[in-house]
Amino acid sequence: MSTPLAEVLDGQHAAELRKAARALLKQPLLLAGGAYADEFRLVRRHASDLREWFDRNTGWSLQVDAETARLGKTPARLADATHPAREATRSAAPFTRRRYVLLCLALAALERGEAQIALGRLADQVVLDASDPQLAATGIRFTLDRRDERLDLAAVVRLLLGLGVLRRVAGDEEAYVSGAGDVLYDVERRVLAGLLATRRGPSTVRAATLDERLVELTTESALDSDDLRFRAMRRSLTRRLLDDPVLYYDELTDAELGYLTRQRGFLTARITELTGLVAEVRAEGIAMVDPEDDLTDVRMPESGTHGHVTLLLAEHLTRATAAVVPTADLERHVAGLAAEHGGFWSRSAREPGAEGELVERAVTRLAALGLVSRTAEGVVPRPALARYAVGETVVLEPRTGGTSQVPAQRKAPQR
């Protein structure tokens with residue numbers, strides 16, 4: 001007996017809606033002509049349903065026009081620094097404070113500029129704006145005379161190229177960095193206009209400290225009734241379930257924990273219905289796990305030297321007896337691992353003193369996955385790290401002969 005047409009259409013609608021929602025969560029800025037062109041068409045087709053869902057459940061706005069789709073995501077935890085902007089190169093180095101300042105100055109210059117701009121001209125505008133006394137008072141200065149400063153600007157430009165704000169017409173950033181040439185770009189003004197994801201214009205913020213400014217930029221309307229307070233908690237908790245690898249109960253206020261305890265089934269079911277993420281509920285918290293292993297910007301386990309070191313360090317931390325493990329202890333442990341596993345690692349990772357960078361990159365990845373937290377004293381293992389305790393061993397093939405025994409692990413919650 002054939003399936004009724006209405007059921008087929010309902011199933012197709014649900015599948016398209018899920019694919020569109022997942023695309024927005026993975027790439028909040030979609031372009032009609034970009035790598036996500038197919039997903040953009042689905043977002044535009046289902047914009048009304050998506051807009052209603054995200055507004056009701058997260059407070060995120062969705063703006064869609066003929067060229068762009070922009071989900072105005074704001075983090076539930078404003079102080080979370082575990083997912084920085086990264087350089088669009090093989091190293092994927094995280095943006096420094098200087099690069100974030102450069103990014104803001106470049107965006108301001110592009111907003112005032114013409115439809116095309118040369119990198120040299122953009123640099124001149126940035127240097128001019130950076131001479132502002134208030135900015136200079138913070139210790140940030142740019143002359144772009146040095147190669148490292150030009151590298152910073154090139155990293156900012158490559159980020160804007162990846163976002164679709166700029167489109168390269170002629171030239172190459174490397175030529176600019178070396179002082180041998182310039183680059184010409186088209187400025188995509190629609191994309192530029194949609195970058196800000198705030199509830200109010202930054203120029204209207206009067207707070208003095210960074211934390212206060214972030215709150216003012218993202219705060220909802222006055223929470224002067226129970227309904228508004230419950231709505232704010234629902235949105236905040238849903239944002240964390242969607243964005244954070246693990247939502248730990250001990251990070252919530254008493255009011256948030258009480259609301260989550262009562263509404264957990266409803267909140268997780270709504271997320272599963274739209275995205276396909278599945279709730280994994282433990283005594284310490286909740287992780288929305290992705291069966292498709294796609295909605296994440298950080299993966300574990302991962303191949304390569306740093307992926308191997310991270311896995312071994314995770315297993316080591318599951319056996320820690322102290323509440324806080326000093327970074328120096330982890331570096332000594334990794335130095336010892338090099339003698340046993342160095343044949344699988346890159347040459348630079350086997351050099352004396354390399355353990356510092358290896359530990360830094362491993363702990364950064366573990367923190368981004370909610371498996372550890374960092375303090376001034378060292379690294380604090382979190383409950384979700386227990387999934388990386390020693391299990392049966394698996395055999396890895398090395399780069400050049402031999403084998404290595406590594407604990408078999410369960411995968412981290414992928415976000």
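**Strands, sheets and their neighbours**

Mentor: Gladly, and keep in mind that this is a predicted model. Helix α5 (residues 119–130) lies across β4 and β6, running at about 80° to β4.

Trainee: What makes β4 and β6 a pair?

Mentor: Pairing takes at least two bridges between two strands. Strand β6 (residues 183–187) is joined to β4 by three bridges, so the two qualify as a pair, in the antiparallel sense. One place to look is A118, whose bridge partner in β6 is L184.

Trainee: Which order do the strands of that open sheet follow?

Mentor: The order is β4-β6-β5, three strands with antiparallel pairing.

Trainee: Why are β4 and β5 said to stand at the edges?

Mentor: β4 (116–118) and β5 (166–171) each have a single partner strand, so one side of each is left without a neighbour in the sheet. On average, neighbouring strands of this sheet are turned by 25° against each other, direction ignored.

Trainee: What makes β9 largely enclosed?

Mentor: A residue is called buried under 20% relative accessible area. In strand β9 (residues 285–289), four of the five residues are buried, so the rest of the structure largely encloses this strand.

Trainee: How do you know that β7 and β8 pair with β9?

Mentor: Apply the cut-off of at least two bridges again. Strand β7 (residues 247–248) has two bridges to β9, and Y248 stands opposite G285. Strand β8 (residues 278–281) has four bridges to β9, with A279 partnered by M288. Both pairs therefore meet the cut-off, and both run antiparallel. Three residues lie between β8 and β9, which form a hairpin.

Conventions:
Residues are numbered from 1 along each chain as its sequence is written. This is a predicted model: local features need pLDDT of at least 70, side-chain atom pairs count only at pLDDT 80 or more; totals for chains, interfaces and linings use all residues. Side-chain values use heavy atoms; hydrogens and water are left out. Buried means under 20% relative accessible area, exposed over 50%, partly exposed in between (1.4 Å probe, protein chains only). Axes are lines fitted to C-alpha atoms, for helices over the stretch in contact, and angles run from 0 to 180 degrees between N-to-C directions. Contact means heavy atoms within 4.5 Å.
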